[in-house]
There are 2 protein chains.
Amino acid sequence: MEENGISKAIISRLPRYYRYLGELKEEGVERISSKELSIRMHVTASQIRHDLNHFGGFGQQGYGYNVENLYREIAKILGLNRKHHLIIIGAGNLGQALANYGNFESKGFLVEGLFDQNTELKGTNKKGIPIYGMEELEPFIRKNRVDIAVLAIPKSAAVVVAKRLTECGVRAIWNFAHTDLDLPKDVVVENVHLSESLMQLSYRMKKR
Amino acid sequence: MEENGISKAIISRLPRYYRYLGELKEEGVERISSKELSIRMHVTASQIRHDLNHFGGFGQQGYGYNVENLYREIAKILGLNRKHHLIIIGAGNLGQALANYGNFESKGFLVEGLFDQNTELKGTNKKGIPIYGMEELEPFIRKNRVDIAVLAIPKSAAVVVAKRLTECGVRAIWNFAHTDLDLPKDVVVENVHLSESLMQLSYRMKKR
């Protein structure tokens, strides 16, 4: 599987292909042409061929794509063929919403714990996921495998907590706090800045 | 203010400029050079000049950018100089997290109501925001100004609810349901597909 030289734009479109292929699989569809897929996805068939040809040999002339194969290959490219162990910092509404989101688990993202500074929550659980106090963060990470830490806390706390996480070895952060994190180069940070998305919507409303 | 011909890439960067300028304003900084701003934002000064020059005449040689002016101008471009009235469909953890997010209100996004099919929630409120039953959706929209509807419901319900919303005149949807909405062309939809963001993170972890 050749992945070098694949543009960021194509990679950013892969999860959407993955979603549509998952739906096709659920519907029992075994193969699909780029044309049929293009109608479903509202993109051109040539874009689909262009994107998927980068991964070589999935489509066959006159046959189309094998849904199951393509689904599995894209999963592999996205790293979904392995399990990821997550902890969520912040057990407020957002943290709980993320802990609750069963769809993550089906993709191999396992939430192992929630952490919160609210001492009343400590020792309780959210749908079976234990809630720990913030002072338990380092000991937990030392004892358990943590691949990804999710920051569902205000920006005032995020910078300090991100530092604590990386200092005890966490190398990937999914950041919902509305601030940029200045972390060592080997730490992968994916930001979800919700208010920026809302501003894009506002801009597009104005343009309409 | 010339906005035509501004690339999508620049527009997508504007909320981040807006955030940094807001922080500078809070710190009492009145002006800043592209160089200083570039150090803060970890982008090149030439990118900053290139992006901001599209909006003409904000920077002055040897003076830099007037923080207050630039902040206000970007707000105008993003449509943040007017109020937006929001309703949130789904009063689960995610809906409540969004209703709770005070930062939206400070940017002129006012949450006027939550809607949920859970009859136990009907008539209650979340921090002063009333929760309505789903059958109250159409009457509410007829009586009140609703600029944006937020979908914080599972994908199984989202398609039907989006149709109901657009049929009674809502023209902008902020969609958290993990599905694409096929709506009339004059409806603006901004998707937040959280699991796709998590897959991007997973991909980048694998590449590291």
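Author: Two residues are in contact if their C-beta atoms, placed from the backbone, lie within 7 Å. Leaving aside neighbours within four places in sequence, B:P130 is in contact with B:G113 and B:N125. This is a predicted model: local features need pLDDT of at least 70, side-chain atom pairs count only at pLDDT 80 or more, and totals for chains, interfaces and linings use all residues. Residues are numbered from 1 along each chain as its sequence is written, while chains are lettered from A and ligands numbered from 1 in the order in which they are written.

Reader: Why is B:P130 called partly exposed?

Author: Buried requires 20 or more other C-beta atoms within 10 Å of a residue's own, exposed 12 or fewer, and partly exposed lies in between. B:P130 has 15, so it is partly exposed. B:P130 sits in strand β7 (residues 129-133) of chain B. Strands are DSSP runs of E, at least two residues; helices are runs of H or I, at least four; both are numbered from the N terminus.

Reader: Which elements give two or more residues to the side of chain B that touches chain A?

Author: To begin with, 40 residues of chain B are in contact with 40 residues of chain A. The contributing elements of chain B include α1 (8-26), β9 (172-175) and α9 (194-207). α9(B) gives the most, with 13 residues.

Reader: What is in contact with B:L151, beyond its neighbours within four places in sequence?

Author: Among them are B:I89, B:V161, B:I173 and B:F176.
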